[in-house]
Amino acid sequence: MTGNDTGPHPAVRAPVRASRAGGPDAQRAGPGPGPGSGGNGGSGSGRARRRYRRSRLQRLHEAGPLTYALLTAVVLASAFPLYWTAVVASHDNEAVARTPPPLLPGGSLPENIRRVFETTDFLLALVNSLIVASAITLSVLVFSSLAGFAFAKLRFRGRQALLMIVIGTMMVPTQLGIIPLYILMGRLGWAGTLPAVVVPGMVTAFGVFWMRQFISEGVPDELIAAARTDGCHTFRVYWHVVLPAIRPAAAVLGVFTFMQAWNDFFWPLVVLTPEDPTVQVALSTLSAGYFQDYSLILAGTALATIPVLLVFALLGRQIIGGIMAGAVKG
């Protein structure tokens, strides 16, 4: 470079030649990646956007004081009926009628429980309800999972039409079938017996639809194909592949079915005799008098609630797993 050379420095001439070679497109492209971009113009801004989204999600997931206050209010509102049942069941009827009513448990609970078993055959009612609810729950789980597996993974003619018929039965009110169902139970000779309560509830349309949806999304076709390649026939595929995978959904369905069968009142009242009741029919007997003894009624209610709470305690983890699995799939 001589003293007469007034042209641009070589470091300046190189980008100019490159821009001329690129033409208008190179000029429209603007400046290249800045420092620290790692050679990729969009990667730095992309990482920044992802960090912003992550920080925003973290802020949304953080539980503040308002969240804890709202959850505490919901828990208290949900638990208050159970607490009030225990309080009333532990007092006599005069204490309940006072103003203000007692807010702490009393010492009359053993006496009220004794009166419950003396007023009606409550032990027989508890045993009958436990047999009915357990049998219905077990049969619904077995038959609904089998039907759900067939509708979800097996290919046969008329599958969609049959599924639509099953779902359509959910739109028919149960009360419309009481009279023909009672006539059928009488012709079978089951009227007044527990099979008349168990058999009509052995499978439900909701259970079939629930299990079909879970199996379609939760059991991959590749897993079933691999089991068939290993030599498993259809029932072995159901027993060894499908059944272990649907335990969370089966737990949720089992709890719902047990609660429905345990709390069923109308059909057992119609088909059973007063000498062989279920627990809900026995509770209606406690409140059938001219004078309402609320301490007696709620003492029986507290006893009838214990089996449902035990079922929730035993299957609570599976219920949460089933709900979370459905949330992840959604």
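Contact here means heavy atoms within 4.5 Å. The model is predicted. By that contact criterion, and leaving aside neighbours within four places in sequence, Trp262 touches Leu126, Ser129, Leu130, Ala133, Val279, Gln280, Ala304, Pro307 and Val308.

**Core**
- The largest nonpolar core holds 49 residues. Phe122 and Trp262 have the most contacts inside it.
- Helix H7 (residues 122–153) supplies the largest share of this core, nine residues.

**Gln280**
- Gln280 sits in helix H16, which spans residues 279–286.
- Its relative accessible area is 16%. Gln280 therefore counts as buried, since the cut-off is under 20%.
- Beyond neighbours within four places in sequence, Gln280 contacts Trp262, Asn263, Asp264 and Phe265.

**Largest pocket**
- Two or more lining residues come from each of H7, helix H9 (178–188), helix H11 (205–218), helix H14 (247–263) and helix H15 (266–271).
- H14 gives the largest share of the lining, five residues.
- The lining divides into 21 nonpolar, eight polar and one charged.

**Second largest pocket**
- About 270 Å³ of space lies here.
- The lining has 19 residues; Leu141, Val142, Ser145, Leu243 and Ala250 lie nearest the centre.
- H7, helix H13 (234–245), H14 and helix H17 (294–329) each give two or more residues to this lining.
- H14 contributes the most, with six residues.
- By type, the lining has 15 nonpolar residues, three polar and one charged.

Technical notes:
Residues are numbered from 1 along each chain as its sequence is written. This is a predicted model: local features need pLDDT of at least 70, side-chain atom pairs count only at pLDDT 80 or more; totals for chains, interfaces and linings use all residues. Side-chain values use heavy atoms; hydrogens and water are left out. Helices (H or I, at least four residues) and strands (E, at least two) are DSSP runs, numbered from the N terminus. Buried means under 20% relative accessible area, exposed over 50%, partly exposed in between (1.4 Å probe, protein chains only). A nonpolar core is a set of buried Ala, Val, Leu, Ile, Met, Phe, Trp, Tyr and Cys residues joined through side-chain atoms within 4.5 Å. Ala, Val, Leu, Ile, Met, Phe, Trp, Tyr, Cys and Pro count as nonpolar, Asp, Glu, Lys and Arg as charged, and the others, Gly among them, as polar. On a 1 Å grid over the protein atoms alone, a cavity is a set of points where a 1.4 Å probe fits but cannot get out, and a pocket is an open set with protein on both sides within 12 Å along at least five of seven lines; lining residues have an atom within 4 Å of a point. Grid points are joined across faces, edges and corners, and a volume is the space filled by probe spheres set on the points.
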